[in-house]
Amino acid sequence: MSDPTPLSAATLDGLPAEVARPAYDRSAVTPGMVHFGVGGFFRAHQAMYLDRLMNNGENLDFGIVGVGTMPGDARMRDAMKAQDCLYTLVVKHPDGSRDATVIGSMIDYLFAPDDPQAVLDRLADPATRIVSLTVTEGGYHVNQVTGEFDPKGAALEADLAGGGPPQSVFGFITEAARMRRDAGIPPFTVMSCDNLPGNGDVAKKMILAFAAMKDAELADYMRANIPFPNCMVDRITPVTAPADIDDLAERFGVADQWPVVCEPFTQWVLEDHFAAGRPAYDNVGVQIVEDVVPYELMKLRLLNASHQALCYLGYLSGYRYAHEVCQDPLFVEFLLDYMENEGSPTLPPVPGVDLDAYRHQLIERFANPEVRDTLARLCAESSDRIPKWLVPVIKINLANGGQFDRSALIVASWARYAEGRDEQGEPIEVVDRFKEKVMAAAAAQAGDDLAFIRDRDFFGDLADDERFTGAYRRHLASLHDVGARTTLENAAAG
């Protein structure tokens, strides 16, 4: 086989015929959207939908300018610059087949530390009508207990102190809003696409709280003029592995520094709340609705919480991939029982959705052996996930007299995982922005079996509820005494 072709604008026409590519003239695409946090999910989801629209000849004036603010984003800058912001999206089907599509909707990438002014100029340009975000759950700086803005963090603190160009996402958005207001340029829309309940509402509250600490009058202007639509996004997108890069080169003859791999399923439910128009997303399968809340709660409490239900117990049982766990009947029964008896009862009606079919579809998606979603990825940043996805389920069920035993086991499995050693005594690399605090609480369990859940930032008052602590203590002791698999077997036996 000949050497793979390095991906770039110059080589696009010469790629193998089985590789789909933009049907539109990318030189005719102009910037209309700025996106903070260009990672795998954004490239497999929002950028893909816009590419579909452009292939239909629509919305060529909504080209994406990606922005990275974190030191690690320099790698994305280098990859995107080398490839003229092109990348390959590889859809992995359960039967082992692949679809490869070159996505062309991102037309520029700015690494903010290189040139903060260039980012501000792009944000302040009248052509920029949407500023979108995938900055992870932790990127909104929410105090887990109070729900208020937490201004801690070097970049935020530097921006609040002033005296220099912005460093944080909040700093860039706020300064750009000021520039547009002062120049008489209409406001943009801020569109959060992260896995948060009420992601637009959260973005609005936190960004405006930041802005108010800088300039109360500006914050009032932003509150009155900048929409923050809520949305629900869904597509399993594992971290790109070296094997994915090699596979793309071997199967399709494309040399791509940073392709994206994903499952076939994709969903986006979006509120139609924009200041200066939006792409015609509804023409390419996006559900435009009045109220996103039922859909996002369904996803967070069933899909996302189920990821937490399988990842720690699966890892402790010796599995390393989600599909391994979801091909094990013991785990499948546990996940379906959690979703049916604990997650689903907390949901409002979800228009147009058969929840039983949705639950079983989730198991099928998780069990896709080609996606190879690692449990390590699902176990990462748990302190941003469990409090938002699972703790509300527990609290609602406690309040309503519902079931919570499986949820207690999930929390206990996180506490056991956070001890940093698996059941064979091998080290676990705990990845969490609060790693030191989380691991210290897990270490303290030897002398206080409720130490882990006493952290009110994560769990509120759950440690005070004897109904919950009774179940939690029992499961944690079992995880220590007989291990994860036997604990699950005992739970299933009832």
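Helices are DSSP runs of H or I with at least four residues, strands are runs of E with at least two, and both are numbered from the N terminus. Val119 is found in helix 4. I'll come back to that residue.

Some ground rules before that. This is a predicted model, where local features need pLDDT of at least 70, side-chain atom pairs count only at pLDDT 80 or more, and totals for chains, interfaces and linings use all residues. Residues are numbered from 1 along each chain as its sequence is written, and side-chain values use heavy atoms, with hydrogens and water left out.

Overall picture, then. The protein has 21 helices and 13 strands. Its C-alpha atoms fill a box of roughly 65 × 60 × 45 Å along the principal axes. Now the radius of gyration, taken over C-alpha atoms; the globule rule is 2.2 Å times the number of residues to the power 0.38. For 494 residues, a compact globule would come out near 23 Å, and the protein has 23 Å, so the two agree.

Burial next. Buried means under 20% relative accessible area, exposed means over 50%, and partly exposed is in between, with a 1.4 Å probe and protein chains only. Of the 494 residues, 57% are buried. The protein exposes about 18,900 Å², and carbon and sulfur atoms supply 50% of that. Those areas come from the Shrake-Rupley method with a 1.4 Å probe; for residues, only the protein chains shown count as cover.

Contacts. A contact is heavy atoms within 4.5 Å. Take contacts between residues at least 6 apart in sequence: 77% of them join residues at least 24 apart.

Charges. Lys and Arg count as positive, Asp and Glu as negative, and His and the chain ends are not counted. Each charge is placed at NZ of Lys, CZ of Arg, CG of Asp or CD of Glu. There are 44 positive and 73 negative side chains. The centres of the two sets lie 2 Å apart.

Val119 is buried, at 0% relative accessibility. Leaving out residues up to four places away in sequence, Val119 touches Phe36, Val67, Leu110, Ala112 and Phe172. For scale, Val119 and Thr469 are 350 residues apart in sequence and 49 Å apart in space, C-alpha to C-alpha. Gln117 also sits in helix 4, which spans residues 116–124. Gln117 is partly exposed, at 41%. Its C-alpha is 9.6 Å from that of Phe172, 55 residues away along the chain.

Now Leu53, in helix 2, residues 46–55. Leu53 is buried, with a relative accessible area of 0%. What does Leu53 contact, leaving aside neighbours within four places in sequence? The list is Glu58, Asn59, Pro279, Ala280, Tyr281, Asn283 and Val284. Leu53 and Pro279 are 226 residues apart in sequence, yet 7.9 Å apart in space, C-alpha to C-alpha.

Asp247 is a charged residue that counts as buried, at 18% relative accessibility. Asp247 is in helix 9, residues 242–252. Beyond its neighbours within four places in sequence, Asp247 is in contact with Arg98 and Phe252.

On to backbone angles. Most residues other than glycine have a negative phi. Two residues here go the other way. Asp84 has a positive phi of about 55 degrees, and it is not a glycine. Cys85 has one of about 65 degrees, and it is not a glycine either. Where is Asp84? In the loop between helix 3, residues 74–82, and strand 4, residues 87–92. Cys85 lies in the loop between helix 3 and strand 4 too. Buried or exposed? Asp84 is partly exposed, at 34%. Cys85 is buried, at 4%.

Last item: cysteines. Cys326 is buried, at 5%.
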